[in-house]
Amino acid sequence: MKTALSPTSFKRPRGARLLAAALACAACVATAVMPGAAQAGLAWAAGASQVASAASAAASAPASAKLPETVRIAAVARSAPAGKTVFAGASAQVAQDRWLETELGKLGVRLEWVPVTTNAVAAQVNEGFASKSIDFAHYGDLPSIIANASGLQTRLVLPGGSLNNTYLVVPPNSTARSIADLKGKRIALHRGRPWEYPFARLLQAHGLKLSDVKILNLNPQAGAAALATGGVDAFFTLSDAFVLEDKKVGKIIWASKKAPEDWKMRAELWGDGAFLQRYPQVAQLVVSAYLREHHKAAAAADAGRDSYIKSEALGGQSEEVVRRELEGDSTQWKDRWSPLFTPAVRAHYAAEAEYAKQAGLIAKPLPVDALFAPQFVKQGLAQLQLQDYWTR
């Protein structure tokens, strides 16, 4: 049985025109130039509200079988040589291992990987959940909060495996040495993406808020171009910051490597709430497959680290850049892969949900405890006899 690979454009069910319009609205927000938090928040809230309305309609169709025909998992993907699609992070390991594909096949269920692009992960995944064209997704925390606050019902089923660093980059000739030197300046930041929260924490630590800088809401590719051409005074981004340094169009003046772990960008495994309730046996296989790869990566120490680096490099990311991203990070390698629903994980989501409300990204407070479905990790760890492997 071969794993099906879906195109990046999701198959929309009939009558989902409202959904398409909502996602188009979200896409507009992702490329607009926005001077402050309020304007960005209103646009995101309006788009997400329409997505939620479409989701309610899509969820009304009853299940006609005891098991689904297909399990669809969305994950960030890149184009590798020879036109091959390669996934990132833990999803790459799960896809390569094929344990999940085999176990689902025994139940007569097909596995379908749905690639999403780095520049539009949030819009594509939230659209997929709303239109019921995906069942799981490995993506960021803030977009998940925005989706659930707007009415979508998704659940965090497996924490850990990401904890990527964030970077503040300025032009090579800039005199700025910290975020404090950029007060009143133009900063490229993709609003509503997982690295917005670390940026807000960085501002707060220096006594600043979003309104103290001029935010240009640009996706990573557009933000890098704006930095290179002098269109912005700084750019807040992920490990592509190293590429900008190598090209001598930017220099990193701050990184989250030594900052509190809560400042890291989290991208984790989320599942559709209705799917989890309807097909717990299948959901357990998905979570257990990711647990297996988390344990392999963590337990192998240096070998697991090298395997992860090479896997990321296969997807078009420079191996040197991946190594520089991990070098000097304060998070221990084993802890990076911890799947536990710890008090720290809850505190992170609670603080981020509060920030989203204050920044106008969501319209009302979100009870974060409802976002978590820890039973699958608990059962998976017991089945794999790993209950005592991670302590935090």
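What share of the contacts in the chain with a separation of 6 or more comes from residues 24 or more positions apart? The share is 81%, where a contact means heavy atoms within 4.5 Å. The model is predicted, so that local features need a pLDDT of at least 70 and side-chain atom pairs count only at pLDDT 80 or more, whereas totals for chains, interfaces and linings use all residues. Residues are numbered from 1 along each chain as its sequence is written, and side-chain values use heavy atoms, with hydrogens and water left out.

The chain holds 16 helices and 12 strands, these being DSSP runs numbered from the N terminus, with helices (H or I) of at least four residues and strands (E) of at least two. Of its 392 residues, 56% count as buried, a term that stands for under 20% relative accessible area, while exposed stands for over 50% and partly exposed for values in between (1.4 Å probe, protein chains only). The chain exposes about 16500 Å², of which carbon and sulfur atoms supply 53%; the areas come from the Shrake-Rupley method with a 1.4 Å probe, and for residues only the protein chains shown count as cover.

Helix H11 (residues 280-299) can be followed through its contacts with H3 and with H4. Two packed helices are described by the angle between their axes and the distance between the axes. Here axes are lines fitted to C-alpha atoms, for helices over the stretch in contact, and angles run from 0 to 180 degrees between N-to-C directions.

The axes of helix H3 (residues 89-97) and H11 come within 9 Å and cross at roughly 105°. That makes H3 roughly perpendicular to H11, since angles of 65 to 115 degrees are classed in this way, those under 35 as roughly parallel, those over 145 as roughly antiparallel and the rest as oblique. On the H3 side the contact is made by Ala90, Ser91, Gln93, Val94 and Asp97, and on the H11 side by Ala289, Tyr290, Arg292, Glu293, His294 and Lys296. These residues divide into 4 nonpolar, 3 polar and 4 charged, with Ala, Val, Leu, Ile, Met, Phe, Trp, Tyr, Cys and Pro counted as nonpolar, Asp, Glu, Lys and Arg as charged, and the others, Gly among them, as polar. The buried residues of H3 are Gly89, Ala90, Ser91, Ala92, Gln93 and Val94, and just after this helix Arg98 takes a positive phi of about 70°.

For helix H4 (residues 99-106) and H11, the axes come within 9 Å and cross at roughly 160°, and the two helices are therefore roughly antiparallel to each other. Trp99, Leu100, Glu103 and Leu104 of H4 make the contact with Val282, Leu285, Val286, Ser288, Ala289 and Arg292 of H11, a set that divides into 7 nonpolar, 1 polar and 2 charged residues.

Two other residues have a positive phi although neither is a glycine, namely Lys248 at about 60° and Gln385 at about 55°. Lys248 is found in the loop between helix H9 (240-246) and strand S11 (251-255), and is exposed, with a relative accessible area of 67%. Gln385 is found in the segment after helix H16 (375-383) and, at 69% relative accessibility, counts as exposed.

Phe372, in the loop between helix H15 (343-358) and H16, counts as buried at 16% relative accessibility. Leaving aside neighbours within four places in sequence, Phe372 is in contact with Arg155, Leu156, Phe341, Arg346 and Tyr349. The C-alpha atoms of Phe372 and Phe341, 31 residues apart along the chain, are separated by 8.2 Å.
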